[in-house]
Amino acid sequence: QVQLVESGGGSVQAGGSLTLSCSASRSVYLSSITYCMGWFRQAPGKQREGVATINSDGVTVYADSVKGRFTISKDYAKNTLYLQMNSLKVEDTAMYYCAADYAHASCVYGFSWAMYNGWGQGTQVTVSS
């Protein structure tokens with residue numbers, strides 16, 4: 001079974017930047033089998049929400065709250081999914097999760113997180129004022 005492992009979280013001041021990474025435990029799944037992947041986040045006491053998705057063709061979709069500040073990307077050679085986060089705000093504080101929809105190349109479920117069937121354990125991002 002493929003496992004997703006996130007890293008790169010931490011504590012930064014507002015306006016700062018972080019880059020999250022998500023690696024698959026079995027490289028074949030990111031290099032030879034393309035499918036929809038995404039980043040989601042959940043703040044304490046709030047629902048999990050979508051941040052960004054990327055499909056097999058590299059088409060990206062962003063939540064309005066992060067457009068222009070976050071960038072999702074894939075590196076097939078490194079079998080890694082990234083989330084570059086710039087101009088971080090206090091409200092970006094949350095646990096960030098990498099997710100995969102192994103059944104689809106296109107992100108047919110959008111930000112409906114319950115439909116994604118592969119998840120990492122999460123990495124904490126804390127932004128202070």
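**Exercise 1. List the residues in contact with Glu 6, leaving aside its neighbours within four places in sequence.**

Solution. 
- Glu 6 is in contact with Ser 21, Cys 22, Trp 39, Tyr 96, Tyr 97, Cys 98, Gly 120, Gln 121, Gly 122 and Thr 123. The model is a predicted one.
- Now place the residue. Glu 6 sits in strand β1, residues 4–7.

**Exercise 2. Glu 6 is buried; find the nearest side chain of opposite charge and decide whether a salt bridge is present or absent.**

Solution. 
- Take the partner. The nearest side chain of opposite charge is Arg 48, 7.8 Å away.
- Apply the cut-off. A salt bridge needs the charged atoms within 4 Å.
- Conclude. Glu 6 has no salt bridge.

**Exercise 3. Which backbone nitrogens lie 2.7 Å and 2.8 Å from a polar atom of the Glu 6 side chain?**

Solution. 
- At 2.7 Å, it is the backbone nitrogen of Cys 98.
- At 2.8 Å, it is the backbone nitrogen of Gly 122.
- Cross-check with the contacts. Cys 98 and Gly 122 are among the residues listed for Glu 6.

**Exercise 4. Trace the pairing of strand β5, residues 49–54, and explain why it is largely enclosed.**

Solution. 
- Start with β4, residues 36–42. Five bridges join β4 to β5, and the two run antiparallel. Phe 40 stands opposite Gly 50.
- Check the link. β4 and β5 form a hairpin with six residues between them. In the turn, Gly 45 has a positive phi of about 75°.
- Move to β6, residues 60–62. Three bridges join β5 to β6, again antiparallel. Ile 54 has Thr 60 as its bridge partner in β6.
- The β5–β6 hairpin has five residues between its strands. Gly 58 in the turn has a positive phi of about 85°.
- Five of the six β5 residues are buried, so the strand is largely enclosed by the rest of the structure.

Key: Residues are numbered from 1 along each chain as its sequence is written. This is a predicted model: local features need pLDDT of at least 70, side-chain atom pairs count only at pLDDT 80 or more; totals for chains, interfaces and linings use all residues. Side-chain values use heavy atoms; hydrogens and water are left out. Helices (H or I, at least four residues) and strands (E, at least two) are DSSP runs, numbered from the N terminus. Buried means under 20% relative accessible area, exposed over 50%, partly exposed in between (1.4 Å probe, protein chains only). Lys and Arg count as positive and Asp and Glu as negative; His and the chain ends are not counted. A polar contact is a pair of N or O atoms within 3.5 Å; within protein, one must be able to donate a hydrogen and the other to accept it, and residues adjacent in sequence count only if both atoms are side-chain atoms. Contact means heavy atoms within 4.5 Å. Two strands pair if DSSP finds at least two bridges between them.
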